[in-house]
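The exercises below are meant for a reader who is meeting this protein for the first time. Work through each task with the sequence and the structure in view before reading the solution.

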Amino acid sequence: MEKMMNTADDGRHALTQLGRQIAPPNSPEEAVLERVPAPNPDKRYMVRFTAPEFTSLCPITGQPDFAHIVLDYVPDQWIVESKSLKLFLTSFRNHGAFHEACSVQIASTLVDLLNPVWLRIGAYWYPRGGIPIDVFWQTGDAPAGVWIPAQDVPSYRGRG
C-alpha cells in the first residue's frame, strides 16, 4: 500500500486563501498563486484545469475579450492550489493585454511557481473583429508514459 501524505506535511498550513473569503485581486500582479506539495511526486500524471469563461480586456479599446482556457501540466514536487488559481485567472478581468500576452503570462507564471515536468496552455479566444485567435504554448515535449488527452475544444465556427 502506498504511503498516504498526512495532514501535517501536506502544505495546508501555508495556504492563505483556501477556506477564507477573499476579494478578487485587481490585477495578475496582485494575485497570489499558492502551491502545495504534490501528493504523489513519485508518479507521473497530468492535471487539467479548464476555464471556459475567462475574460480580460483589450489593451486598446478596453472592451472585454473572452476565452476558453485549458491548462494541462504534469507535476513534479508541487501542485497549484485551485482556489488561488481561480483568483489569479479572475484577476485578468481588469487587465488590459493582447490575447498572446495573457495566454503566455498565465502559463509562464505557473511554470515559475511549480517548476512542473511539463505544462501546456490552449487559449481559445472568441472573435474580435471577426477573427478568433487561439494561442498555444508548452514547455517542451510531453513526457513519455503520461496520458495526455487532446484538449478537444472545437475551433470557432460562427453560427454554422
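Strands are DSSP runs of E with at least two residues, helices are runs of H or I with at least four, and both are numbered from the N terminus. The model used throughout is a predicted one.

**Exercise 1. The overall fold**

Task: Describe which secondary structure elements the protein has and in what pattern they follow one another.

Solution: Begin by counting the elements, which come to two helices and six strands. Next, read along the sequence, where the pattern is β-β-β-β-α-α-β-β. Then turn to contacts between residues at least 6 apart in sequence, of which 71% join residues at least 24 apart. Finally, consider burial: of the 160 residues in the protein, 40% are buried.

**Exercise 2. The nonpolar core**

Task: Find which residues have the most contacts inside the largest nonpolar core, and state which element gives the most to this core.

Solution: The largest nonpolar core has 29 residues, and those with the most contacts inside it are Phe-54, Ile-69, Val-80, Leu-85, Phe-88, Ile-106 and Leu-110. At least two residues of this core come from each of strand 2, strand 3, strand 4, helix 1, helix 2 and strand 5. Helix 2 gives the most, with six residues. As background, nonpolar side chains in soluble globular proteins tend to be buried together.

**Exercise 3. Helix 1 and Phe-88**

Task: Work out which residues of helix 1 are buried, and what these residues pack against.

Solution: Helix 1 covers residues 82–90, and its buried residues are Ser-84, Leu-85, Leu-87, Phe-88 and Leu-89. These buried residues pack against strand 2 (47–57), strand 3, strand 4 (78–80) and helix 2 (99–114). At the start of the helix, a side-chain oxygen of Glu-81 comes to within 2.9 Å of the backbone nitrogen of Lys-83.

Now take Phe-88, which lies in helix 1. Phe-88 counts as buried because its relative accessible area is 2%, where the cut-off for burial is under 20%. When neighbours within four places in sequence are left aside, Phe-88 is in contact with Pro-28, Ala-31, Leu-33, Ile-106 and Thr-109. Phe-88 and Glu-34 are 54 residues apart in sequence, while their C-alpha atoms are 9.8 Å apart in space.

**Exercise 4. The surface**

Task: Identify which residues make the nonpolar surface patch of about 320 Å².

Solution: The protein exposes about 9,500 Å², and 54% of this area is supplied by carbon and sulfur atoms. The patch is made by Phe-66, Tyr-126 and Tyr-156. Of these, Phe-66 is found in strand 3 (residues 64–74), and Phe-66 is partly exposed, with a relative accessible area of 43%.

Technical notes
Residues are numbered from 1 along each chain as its sequence is written. This is a predicted model: local features need pLDDT of at least 70, side-chain atom pairs count only at pLDDT 80 or more; totals for chains, interfaces and linings use all residues. Side-chain values use heavy atoms; hydrogens and water are left out. Buried means under 20% relative accessible area, exposed over 50%, partly exposed in between (1.4 Å probe, protein chains only). Contact means heavy atoms within 4.5 Å. Accessible areas come from the Shrake-Rupley method with a 1.4 Å probe; for residues, only the protein chains shown count as cover. Patches are made of residues with over 30% relative accessible area and no salt bridge: like charges are joined within 9 Å, nonpolar side chains (Val, Leu, Ile, Met, Phe, Trp, Tyr) within 5 Å. A salt bridge is a side-chain nitrogen of Lys or Arg within 4 Å of a carboxyl oxygen of Asp or Glu. A polar contact is a pair of N or O atoms within 3.5 Å; within protein, one must be able to donate a hydrogen and the other to accept it, and residues adjacent in sequence count only if both atoms are side-chain atoms. A nonpolar core is a set of buried Ala, Val, Leu, Ile, Met, Phe, Trp, Tyr and Cys residues joined through side-chain atoms within 4.5 Å.
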